[in-house]
Amino acid sequence: MAYRITDDCTGCDECVEQCPISAIEPAEPIYVIDFTCCDFEECLVACPVDAIVPVTDD
Ligand code: SF4
Ligand code: SF4
């Protein structure tokens, strides 16, 4: 499963520091998770505003 970052992102940087494969890039207006994301989920736990959610097909 891959994950994406929603508009709730505040750019706090917590997830970037936690991702073991550096799959999260700072961007404007919200941070972006790239295609290398492979489900470690450290970023979900780190995000203080629950802005990281699973990518769904619909
Ligand atoms: S789910 Fe895992 S691999 Fe994907 S961005 Fe978060 S910490 Fe990185
Ligand atoms: S931890 Fe959450 S709020 Fe902070 S930069 Fe990452 S996605 Fe955005």
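**Entry 1: the largest cavity**

I began with helix H2, residues 42–46, which gives three residues to the lining of the largest cavity, the most of any contributor; helices are DSSP runs of H or I with at least four residues, strands are runs of E with at least two, and both are numbered from the N terminus. A cavity here is a set of points, on a 1 Å grid over the protein atoms alone, where a 1.4 Å probe fits but cannot get out, and its lining residues have an atom within 4 Å of a point. I noted that this is a predicted model, in which local features need pLDDT of at least 70 and side-chain atom pairs count only at pLDDT 80 or more, while totals for chains, interfaces and linings use all residues, and that side-chain values use heavy atoms, with hydrogens and water left out. Residues are numbered from 1 along each chain as its sequence is written, and chains are lettered from A and ligands numbered from 1 in the order in which they are written.

I then looked up the rest of the lining of the largest cavity, which has 15 residues, with Cys 19, Cys 37, Phe 40, Glu 41 and Cys 43 lying nearest the centre. Sorted by class, this lining has twelve nonpolar, three charged and no polar residues; Ala, Val, Leu, Ile, Met, Phe, Trp, Tyr, Cys and Pro count as nonpolar, Asp, Glu, Lys and Arg as charged, and the others, Gly among them, as polar.

**Entry 2: the second largest cavity**

The second largest cavity has a volume of about 80 Å³, a volume being the space filled by probe spheres set on grid points that are joined across faces, edges and corners. It is lined by 14 residues, and those closest to its centre are Cys 9, Thr 10, Cys 12, Cys 15 and Cys 47. Its lining divides into ten nonpolar, two polar and two charged residues. For the largest cavity I wrote down about 100 Å³, and I counted two cavities of 30 Å³ or more.

**Entry 3: the two ligands**

Next I asked myself which cavity is the space taken by ligand 1. Ligand 1 takes up the largest cavity, where sitting in a cavity requires that more than half of a molecule's atoms lie within 2 Å of its grid points. The residues around ligand 1, meaning those with a heavy atom within 4 Å of it, include Tyr 3, Pro 20, Ile 33, Cys 38 and Glu 42. By class, this shell has ten nonpolar and two charged residues and no polar ones.

Ligand 2 takes up the second largest cavity. Of the 13 residues around ligand 2, I found Cys 9, Thr 10, Cys 12, Cys 15 and Cys 47 to come nearest, and the shell holds nine nonpolar, two polar and two charged residues.

I followed Cys 9 into the loop between S1 and H1, where I noted it as buried because its relative accessibility is 16%; buried means under 20% relative accessible area, exposed over 50%, and partly exposed in between, with a 1.4 Å probe and protein chains only. Although Cys 9 and Cys 47 are 38 residues apart in sequence, their C-alpha atoms are 8.6 Å apart in space. With neighbours within four places in sequence left aside, Cys 9 is in contact (heavy atoms within 4.5 Å) with Ile 30, Tyr 31 and Ala 51.

Thr 6 lies in the loop between S1 and H1 and counts as buried, at 15% relative accessibility. Not counting residues up to four places away in sequence, Thr 6 touches Ile 30, Ala 51 and Val 53.

**Entry 4: backbone details**

Where does Asp 13 lie? I found Asp 13 in the loop between strand S1 (3–5) and helix H1 (14–18), with a positive phi of about 85° although it is not a glycine, and at 27% relative accessibility it counts as partly exposed. Ser 22, in the loop between H1 and S2, has a positive phi near 55° and is likewise a residue other than glycine; Ser 22 counts as exposed because its relative accessibility is 51%.

Glu 28 and Pro 29 are joined by a cis peptide bond, with omega about 0°, and I placed Pro 29 in the loop between strand S2 (24–25) and strand S3 (32–33). Pro 26 is found in the loop between S2 and S3, and its C-alpha atom is separated by 7.8 Å from that of Val 16, ten residues away along the chain. Leaving aside neighbours within four places in sequence, I noted that Pro 26 is in contact with Asp 13 and Tyr 31.

Terms used
1 Å grid on protein atoms, 1.4 Å probe; cavity = no way out; pocket = protein on both sides within 12 Å on 5 of 7 lines; lining within 4 Å.
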